[in-house]
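Dear colleague,

Please find below the sequence and the structure that I am handing over to you. A summary of the findings follows.

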Amino acid sequence: MNETCFYCEEEIEGYLRFASFVYENDHVEKPLCQHCYHEWLEGIKN
Ligand SMILES: [Zn+2]
């Protein structure tokens, strides 16, 4: 049973990457695929 990406809902194979989001004043971590994780990192920098 694989995790699915929080953004694109594709199955994540191999190493799981987690991105931190603030959701309703709570701090949550969601799994992202390699592609979306990279885009998330880019978003943080900007
Ligand atoms: Zn994704």
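The term pLDDT denotes the predictor's confidence in each residue, on a scale from 0 to 100. This is a predicted model, in which local features need pLDDT of at least 70 and side-chain atom pairs count only at pLDDT 80 or more, whereas totals for chains, interfaces and linings use all residues. Residues are numbered from 1 along each chain as its sequence is written.

The protein averages a pLDDT of 90, and 96% of the residues score at least 70. Helices (H or I, at least four residues) and strands (E, at least two) are taken as DSSP runs and numbered from the N terminus. By element, the mean confidence is lowest in β1, at 90, and highest in β2, at 94.

Overall architecture

The protein contains one helix and two strands, in the order β-β-α from the N terminus on. Along the principal axes, its C-alpha atoms fill a box of roughly 30 × 25 × 15 Å. A residue is called buried if 20 or more other C-beta atoms lie within 10 Å of its own, exposed if 12 or fewer, and partly exposed in between, with C-beta atoms placed from the backbone. On this criterion, 11% of the 46 residues are buried. Two residues are in contact if their C-beta atoms, placed from the backbone, lie within 7 Å. Among contacts with a separation of 6 or more, 29% involve residues 24 or more positions apart.

Asn-25 counts as exposed because 5 other C-beta atoms lie within 10 Å.

Most residues other than glycine have a negative phi. A further positive value is found at Glu-9, with phi near 60°. Glu-9 is located in the segment before β1 and is exposed, since 9 other C-beta atoms lie within 10 Å.

Within strand β2 (residues 26–32) lies Glu-29. Glu-29 is exposed, because 11 other C-beta atoms lie within 10 Å. Residues up to four places away in sequence aside, Glu-29 touches Phe-18, Ala-19 and Ser-20. From Glu-29 to Trp-40 the C-alpha distance is 13 Å, at a sequence separation of 11 residues.

The core and the helix

Which residues make up the largest nonpolar core? The five are Cys-5, Leu-32, Cys-33, Cys-36 and Tyr-37, where a nonpolar core means a set of buried Ala, Val, Leu, Ile, Met, Phe, Trp, Tyr and Cys residues joined through C-beta atoms within 7 Å. Leaving aside neighbours within four places in sequence, Cys-36 is in contact with Cys-5, Tyr-7 and Cys-8.

Helix α1 spans residues 34–45 and includes Lys-45. Lys-45 is classed as exposed because it has 5 C-beta neighbours inside 10 Å. Its C-alpha lies 17 Å from that of Gln-34, 11 residues away in sequence.

With kind regards
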